[in-house]
Amino acid sequence: MSALLGAGLMYAALEAVRSSPGRSVTIVAAERAAVSRRPVAPLERTGEAIASVPAPDLDSEARNAVENWRSAWSGRDIERYLASYSEDFVPPNGGSRDAWAEARRKNFARRSDIAVDVRGLTVDAESDDRLKVYFQQDYASGAYRETGQWKTLVLQREDGAWLIVSETQTGPGQSSGN
């Protein structure tokens, strides 16, 4: 029974995505039967979406943008790394983008090796041209290691490319403190 319900929900979600390409589709959890057949209280309906699922093209575009940023950073390709950021990017410390970029250049030059991994990436479409991407980041350079650091990137479509306009050390539901 629950498998049929799940399949029906998945079909409905896919049809909604197909009928509105490039749009975010919100899926609200429905009441479902317990597999163990024990009585289960129905889900409380609050009117809030349980999950916001971006249309497949936005999701893959966001993942590609993050992978380009990550691989540029890991490859110490400073020009490609900086090109991942919008000219409107405001650094987390509130300084100028130019000062931030110069500090990043110096940091890259001091590092002989950089390894950046991204895991648990989720995408939340705020609009067709603005996405919020959450993930845990693992970073290593020399003897320095940072594991499981939550990061949020806000990506904005500019001239067909997804660029970072905001970067914070927070995860879903956390406050950036900025």
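From the N terminus on, the elements run α-β-β-α-α-α-β-β-β-β, which comes to four helices and six strands. Helices (H or I, at least four residues) and strands (E, at least two) are DSSP runs, numbered from the N terminus. The model is predicted: local features need pLDDT of at least 70, side-chain atom pairs count only at pLDDT 80 or more, and totals for chains, interfaces and linings use all residues. Residues are numbered from 1 along each chain as its sequence is written, and side-chain values use heavy atoms, with hydrogens and water left out.

Of the 178 residues in the protein, 31% are buried. Buried means under 20% relative accessible area, exposed over 50%, and partly exposed in between (1.4 Å probe, protein chains only). Among contacts (heavy atoms within 4.5 Å) between residues at least 6 apart in sequence, 50% join residues at least 24 apart.

Strand E3 (residues 115–127) and strand E4 (residues 130–141) are paired in the antiparallel sense over 10 bridges; two strands pair if DSSP finds at least two bridges between them. Two residues lie between E3 and E4 in this hairpin. Within the pairing, valine 116 stands opposite tyrosine 139 in E4.

The largest nonpolar core has 28 residues, of which Trp69, Trp73, Tyr81, Leu131, Val133 and Leu155 touch the most other members. Such a core is a set of buried Ala, Val, Leu, Ile, Met, Phe, Trp, Tyr and Cys residues joined through side-chain atoms within 4.5 Å. At least two of its residues come from each of helix H2 (56–74), helix H3 (78–83), helix H4 (97–110), E3, E4, strand E5 (144–158) and strand E6 (161–168). H2 gives the largest share, seven residues. Leaving aside residues up to four places away in sequence, valine 133 touches Ala62, Val66, Leu121, Thr122, Val123, Lys151, Thr152, Leu153 and Leu155.

The largest pocket holds about 320 Å³ of space. On a 1 Å grid over the protein atoms alone, a pocket is an open set of points where a 1.4 Å probe fits, with protein on both sides within 12 Å along at least five of seven lines; lining residues have an atom within 4 Å of a point. Grid points are joined across faces, edges and corners, and the volume is the space filled by probe spheres set on the points. Of the 18 lining residues, Trp73, Arg104, Lys151, Glu167 and Gln169 are the closest to the centre of the pocket. H4, E4, E5 and E6 each give two or more residues to the lining, with the largest share, four residues, from E5.

Lysine 151 is in strand E5 and counts as buried because its relative accessible area is 2%. Its C-alpha atom is separated by 7.2 Å from that of glutamate 167, 16 residues apart along the chain. Not counting residues up to four places away in sequence, lysine 151 touches Trp69, Trp73, Val133, Tyr134, Phe135, Gln137, Glu167, Thr168, Gln169 and Thr170.

Two loop residues remain. Most residues other than glycine have a negative phi. Arginine 76, in the loop between H2 and H3, has a positive phi of about 55° although it is not a glycine. At 35% relative accessibility, arginine 76 is partly exposed. Aspartate 159, in the loop between E5 and E6, likewise is not a glycine and has a positive phi of about 50°. Aspartate 159 counts as exposed because its relative accessible area is 88%.
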